Amino acid sequence: MIPDMLHEDEITLANGRRLTIRFLRRGEDGTLRELFARLSPRSRYLRFFSDMPVTPDSVVRLLADVDGIQRLALVAQLDQTHGCDVIALGNVAVGEGLPELGIVVADAWQRQGIGIAVIDRLLEAAEHRGHHRFMVHALYENPALRKLLDHVADVESTSTRHGVTEITFVRRRPDEGRRPPGG
């Protein structure tokens, strides 16, 4: 549980590796650049809806410009003995309309429950700040995002236009005493 900006949460994966989930700090551009550099072209495409060999500086700066209220982000990083590399980023941006969710997990770390753990904590932190309904945009060819939402969200509506699906949802309350993978 990460209810405020000072808290970090440690999780242990099924393979025994330990990760820390923490808030991204404003200006951690280099941290995000390193994460995005480790993404395959396919993962960058699914996250940003565009073929890009390198994530543009403008996108990195935008995502690193967090304030903990309107722009909130959590990262998952390896423990100190493994170099502190950030391997996942989840963010919520509040603008006009519903807060929008984004998530990316480095390719080598996908399908281990990291995205679920990050998003569950991120939605909890956003709710703590008064946000209760969210949206996410996903490409049709990204079933992994829909599977992730199956664990943490109750979908209210979906609409697809030009291959992009907008999903509106609320956070699903975990069963008492039960935490998503890695929790």
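Guide: Welcome! Contact means heavy atoms within 4.5 Å, and helices (H or I, at least four residues) and strands (E, at least two) are DSSP runs numbered from the N terminus. This is a predicted model, where local features need pLDDT of at least 70 and side-chain atom pairs 80 or more, while totals for chains, interfaces and linings use all residues. Residues count from 1 along each chain as its sequence is written, and side-chain values use heavy atoms, without hydrogens or water.

Visitor: Which strands stand at the edges of the sheet?
Guide: The open sheet has 8 strands, in the order β1-β2-β3-β4-β5-β6-β8-β7. Two strands pair if DSSP finds at least two bridges between them. Two of the strands have a single partner each, so one side is left without a neighbour: β1 and β7.

Visitor: At what angle does helix α4 run to β3?
Guide: Helix α4 covers residues 114–128 and lies across β1, β2, β3, β4, β5, β6 and β8. Between N-to-C directions of axes fitted to C-alpha atoms (for helices, over the stretch in contact; scale 0 to 180 degrees), its angle to β3 is about 150°.

Visitor: Is Asp-120 buried or exposed?
Guide: Buried means under 20% relative accessible area, exposed over 50%, partly exposed in between (1.4 Å probe, protein chains only). Arg-171 has 10% and is buried. With 1% relative accessibility, Asp-120 counts as buried.
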